[in-house]
Amino acid sequence: GTFFGDTLSLAAALATIKKMERENVISHLHNVGSKIGAAISHRSGASLEFSGIAPLKKIKFKSPEIQALFTQEMAQQGVLCLNANCVSYAIKEPEIQMILKAYKHTLDLIDEASAHGQIQKYLKGSVRAQGLRK
């Protein structure tokens, strides 16, 4: 391998693995993801749907406008969430509550706007262009 001689990287990797084992990081990620997932999974429906494992809930949006509104509103609530709910070891109870509050605000707004066909009304910027297609 390219990095066989790079003992600093190997030492960092070993230290990371030891910390992950010592502090039960994987279990923490699943617990945090489960708490958030339990609160949001019932919100799957007409506008978006959640899928995947607890620490990585993917979000499938029904339209680019809904994704833009979701990203905008989550960011305004202090949560960077583009198309997946990814958790980290740094997320503790205060952050979980902030994330849940942001989801509630955002999903309530999306439900209201979708019900009245007014997603564009709430967007403060342009919708991201779609990627290349066949």
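The model is predicted: local features need pLDDT of at least 70, side-chain atom pairs count only at pLDDT 80 or more, and totals for chains, interfaces and linings use all residues. Residues are numbered from 1 along each chain as its sequence is written, and side-chain values use heavy atoms, without hydrogens and water.

The largest nonpolar core has 29 residues. Such a core joins buried Ala, Val, Leu, Ile, Met, Phe, Trp, Tyr and Cys residues through side-chain atoms within 4.5 Å; buried means under 20% relative accessible area (1.4 Å probe, protein chains only). Ile-36, Leu-48, Ile-59, Phe-70 and Tyr-103 touch the most other members. At least two residues each come from α2, β1, β2, α3 and α4. α4 gives the most, nine residues. Helices (H or I, at least four residues) and strands (E, at least two) are DSSP runs, numbered from the N terminus.

Beyond its neighbours within four places in sequence, Phe-70 contacts residues including Leu-48, Ile-59, Cys-81 and Tyr-103. Contact means heavy atoms within 4.5 Å.

α3 and α4 pack at about 145 degrees, with axes 9 Å apart. Axes are lines fitted to C-alpha atoms, for helices over the stretch in contact, and angles run from 0 to 180 degrees between N-to-C directions. Phe-70 of α3 and Tyr-103 of α4 are among the residues making this contact.

| Element | Residues |
|---|---|
| α2 | 25–40 |
| β1 | 48–51 |
| β2 | 56–61 |
| α3 | 64–76 |
| α4 | 93–115 |

Asn-24 lies in the loop between α1 and α2. Its phi is near 55 degrees, a positive value in a residue other than glycine.

Technical notes:
Buried means under 20% relative accessible area, exposed over 50%, partly exposed in between (1.4 Å probe, protein chains only).
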